[in-house]
Every structure is written in C-alpha cells, then in structure tokens.
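Colleague: I have a model open on my screen and would like to learn how to read its features. Could you take me through a few of them?

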Amino acid sequence: IMALMKAIIADYLAQATRNRLVFCHEQIEGLTFVNVGKALAESLVKQDLRSPMIAYMAEEVLDEILSSTKVDDEIGSYVALDNIGVLFEPDLAFNLKSVIDSASTNKVVIIHSDGIIKSDRYYFLQEGDASFIDLHGLSYIEIY
C-alpha cells in the first residue's frame, strides 16, 4: 500500500501543477516526517509566549522546517509534516494558505493529518471549524 501511495504522488507530480501539495491520512513509509508541534515547542521553549515577537519567531521556525527538504527517489524533493495542530493557534496568526502556496511550488509538501477537505477548505478537526486553510486556487491531492 505504501509503494502505491508514492506512485499516486509521482503520478500527481507528473501533471506539472503549480503546487505540489499532498494531504495523507497515514504516514508514508520511507519518508521522514517532521513533528511540527514538537519542533516549534522546542524552538520556542525559552521564549515568553505572551511576547508580541512570538508569532515572528514561530514563523521563522516554520520557514526553517519548510526549507529542510529531504529527497526521495520516487517523488523528488519534499518536506513531510506531522502534528500540525499548532499551526492553527490563533496567537501565531499564520497565513497558512500563503505559507503552503509558496512552500509547495518548488517541492512536494506532504501533510499527514486526520483533517477533512470539503469545498477546497482543509479543516484540521472537523468540517465547519473556524480554523481552516483555504485551498481554493491551489493544486493538491488527498490520499487515504
């Protein structure tokens, strides 16, 4: 099944879309996933979480995570993210559409989560949540 998941991604990439964005509900064997929540927590552990600078620092850490690409023989350059709930924290005020749009133009961005995609909106927990990523205009696939 895992080899099939990579093949599905490779087929998607062959379509030469502007974005290379993949949502998956299971981790894909052979790919290295970054635990975003843990990485942000470790980077910000010594910071004052009430500081107005915290959002900027969090954004720098996220940029760093998204820049630390790996390479897979089948799908090429990628970054795979796991435990992304922290990205929806209102205090951090991430513009996730913009972040994902720019990150997924030159590499595959794989997001592992149980989120739901409905009408070009990615809901982290359930459909209708206040926090979602507007995927309108982005090319993406969802793998079950």
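This is a predicted model: local features need pLDDT of at least 70, side-chain atom pairs count only at pLDDT 80 or more; totals for chains, interfaces and linings use all residues.

Colleague: Which parts of the chain does the pair of Asp72 and Lys6 link?

Modeller: Distant ones: Asp72 sits in strand β3 (residues 70-72) and Lys6 in helix α1 (residues 2-14), 66 residues apart. Both Asp72 and Lys6 are buried.

Colleague: How many salt bridges does the structure hold?

Modeller: There are five salt bridges in the structure. In another of them, the side chains of Asp101 and Arg18 meet at 2.5 Å, N to O. Asp101 belongs to helix α4 and Arg18 to the loop between α1 and β1, so this pair ties together parts 83 residues apart in sequence.

Colleague: Now a pair inside a helix, please. Where do Lys38 and Glu42 lie?

Modeller: The general idea comes from helix geometry. With 3.6 residues a turn, residues of an α-helix that are three or four places apart point the same way. Here, Lys38 and Glu42 are both in helix α2 (residues 36-44), four residues apart, or about one turn of the helix. They form a salt bridge whose closest N and O atoms are 3.9 Å apart; the cut-off for a salt bridge is 4 Å. Lys38 is partly exposed, with a relative accessible area of 49%, while Glu42 is exposed at 52%.

Colleague: Why is one called partly exposed and the other exposed?

Modeller: Because exposed means over 50% relative accessible area and buried means under 20%, with partly exposed in between. Lys38 has 49% and Glu42 has 52%, so they fall on opposite sides of the 50% cut-off.

Colleague: Is Ile100 buried or exposed?

Modeller: Ile100 is buried, with a relative accessible area of 9%. You will find Ile100 in helix α4 (residues 96-103). Leaving aside neighbours within four places in sequence, Ile100 is in contact with Leu21, Ile111 and Ile133.

Colleague: Which residues of α4 are buried, and what covers them?

Modeller: The buried residues of α4 are Leu96, Val99, Ile100, Asp101 and Ala103. Their cover includes β1 (21-24), α3, β5 (108-112) and β8 (132-134).

Colleague: What about backbone angles?

Modeller: Most residues other than glycine have a negative phi. In this model, Ala93 has a positive phi, near 50 degrees. Ala93 is in the loop between β4 (76-82) and α4, and is exposed at 56% relative accessibility. Ser119 also has a positive phi, of about 50 degrees, although it is not a glycine. Ser119 is in the loop between β6 (116-118) and β7 (121-123), and counts as exposed at 73%.

Colleague: Which residues is His136 in contact with, leaving aside its neighbours within four places in sequence?

Modeller: Those are Lys97 and Asp120. His136 lies in the loop between β8 and β9 (140-143) and is exposed, at 54% relative accessibility. His136 and Asp120 are 16 residues apart in sequence and 5.2 Å apart in space, C-alpha to C-alpha.

Colleague: Last one: which residues gather in a patch of negative charge on the surface?

Modeller: Look for Glu59, Glu60, Asp63 and Glu64. One of them, Glu64, is in helix α3 (residues 54-67) and is exposed, with a relative accessible area of 58%.

Methods. Residues are numbered from 1 along each chain as its sequence is written. Side-chain values use heavy atoms; hydrogens and water are left out. Patches are made of residues with over 30% relative accessible area and no salt bridge: like charges are joined within 9 Å, nonpolar side chains (Val, Leu, Ile, Met, Phe, Trp, Tyr) within 5 Å. Accessible areas come from the Shrake-Rupley method with a 1.4 Å probe; for residues, only the protein chains shown count as cover. Lys and Arg count as positive and Asp and Glu as negative; His and the chain ends are not counted. The place of a charge is taken as NZ of Lys, CZ of Arg, CG of Asp or CD of Glu. Helices (H or I, at least four residues) and strands (E, at least two) are DSSP runs, numbered from the N terminus. Buried means under 20% relative accessible area, exposed over 50%, partly exposed in between (1.4 Å probe, protein chains only). Contact means heavy atoms within 4.5 Å.
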